[in-house]
Amino acid sequence: MDIKEIKKYFKMFPKGIAINFCWSISGVLLINIILQFFVYPKWNNELGSMAYGNVLYLMSWINILSISLGISSNYARMKESVFRETHNSPYILIMMIGSFLFLLLIILLNIIGAISLTLVEGFFFWGLMCLMMWRYYSEVEFRLHINYKGLFLFYLMISIGYLFGTRLFQYTKFWFFSLVVGELVGIGYVAKVGNVLKWDSKVNVEALYPTLKIIIYLFLSEFLSTLIFNSDRLLLKRISGEAVTYYYLASLLGKTVSFISTPLNSIIAGYLSKFKGLMNRKILALSILGSVIVVILGTIGCTLCSHFVISFLYPDNYSIVKSKFLVANMAQVVYFTGNIVLVILLRFGKPFYNITINAIYAVLFCCACIPAVLNANFDAFCLAVLFVNGIRLIMTYCFMAYQSFRDEKKTSLR
């Protein structure tokens, strides 16, 4: 494969990519608007601050475990579909096993006292964990067929379900209903219009093992990444509550950009799954050049917008955090850019690369950021986050370069 083939491939889809990106990001933004402006405020108003905090704690388990497993199964199928025809049954079986493990986790958390749920609450929490895992996997139906209009309708159905569920919550005071209804509607929609949730083949150990191996690697990688992404609030709380607020405000625009990375990753994964070529130096160069441009433009844009947005919404804190805008926003832009490049690496490289990168990233994060927190040095913490996120991106380039060397060597031997 040469650069002409790459240009020819992407020339076929410039308009399509733009349209698909709009469909995808519109759906993601719609869901987040419903959650941020309707669901979460209702929880806070109806339940009170203490109960709402407990709900957010339970939701953190869903984000770290359920969503990570759903996304990992989704990406695993996208990767495997590049090289062979995939079947639904191995993925369904693995997620059924995951559903059982979630149940054991809830029982364990209750035993050790980490959470306190009644039998009914435990059942609904387990059901919500399972539903969100299946919903995130279900998105693969639209990615495999590059049907992002269908993906938008999928998000729309979920959003409508959230609104009905929130109305039901107001009558029952049972917060699970707010999300359960939306997740059921989304999964039901995929079951009706798609095929990925239908059992379609026998499963044997030999066929199951490669799929399970990929999903485990991707799950561990996603788990580490998600855990660290949310750890800044936990660590900064040791300095002070104000430090949490200041970092949140300083990095607000940068973290907001992460909303864009999710639909963009899905589009990249969808198109790359149809591309049969191998990694080479030209793809590597394009990836590095593109990501550097994204980091520069993203940092400039987020920093400039922060001065307008934060000064308008949080005038009392603006003078304190404005000097942190550049470093804090750059750290977040580098992070989400790294996520995009990792999706490209996943297509051409081994899943083991992704977990290795994120494992090293986790160690570096602890070594660089924890000392800054222990010394109550807020500025050092901001620089440490930027440093480790930059190292993560550079590590991804290195693994891409290694894969390029291997693939070009393999091509020359043919």
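This is a short talk on how helix α9 packs against two other helices, α17 and α4.

A word on the source before we start: the model is predicted. Two packed helices are described by the angle between their axes and the distance between the axes, so I will give both for each pair.

Start with α9, residues 205-229, and α17, residues 351-374. Their axes are 8 Å apart, and the angle is about 25°. Angles under 35 degrees count as roughly parallel, so α9 is roughly parallel to α17. The crossing of these two helices is left-handed.

Which residues of α9 and α17 meet? On the α9 side they are Ile214, Tyr217, Leu218, Leu220, Ser221, Leu224, Ser225 and Ile228. On the α17 side they are Pro351, Phe352, Asn354, Ile355, Asn358, Ala359, Tyr361, Ala362 and Phe365. By class, the contact of α9 with α17 has 13 nonpolar residues, 4 polar and no charged.

Now the second pair. Helix α4 covers residues 88-112, and its axis lies 10 Å from that of α9. The angle between α4 and α9 is about 55°, which means the two helices are oblique to each other. Here the crossing is right-handed.

From α4, the contact takes in Pro90, Tyr91, Leu93 and Ile94. From α9, it takes in Leu208, Thr211, Leu212 and Ile215. How many of the residues in the contact of α4 with α9 are charged? None: 7 are nonpolar and 1 is polar.

To recap, α9 packs against α17 at about 25° and against α4 at about 55°.

Technical notes
Residues numbered from 1 in each chain as written. Predicted model: local features only at pLDDT ≥ 70, side-chain atom pairs only at ≥ 80, totals over all residues. Heavy atoms only, no water. Axes fitted to C-alpha atoms, helices over the stretch in contact; angles between N-to-C directions. Helix = DSSP H or I, 4+ residues; strand = E, 2+ residues; numbered from the N terminus. Parallel < 35°, antiparallel > 145°, perpendicular 65-115°, else oblique. Left-handed = near helix turned anticlockwise from the far one by under 90°. Contact = heavy atoms within 4.5 Å. Nonpolar A, V, L, I, M, F, W, Y, C, P; charged D, E, K, R; others polar.
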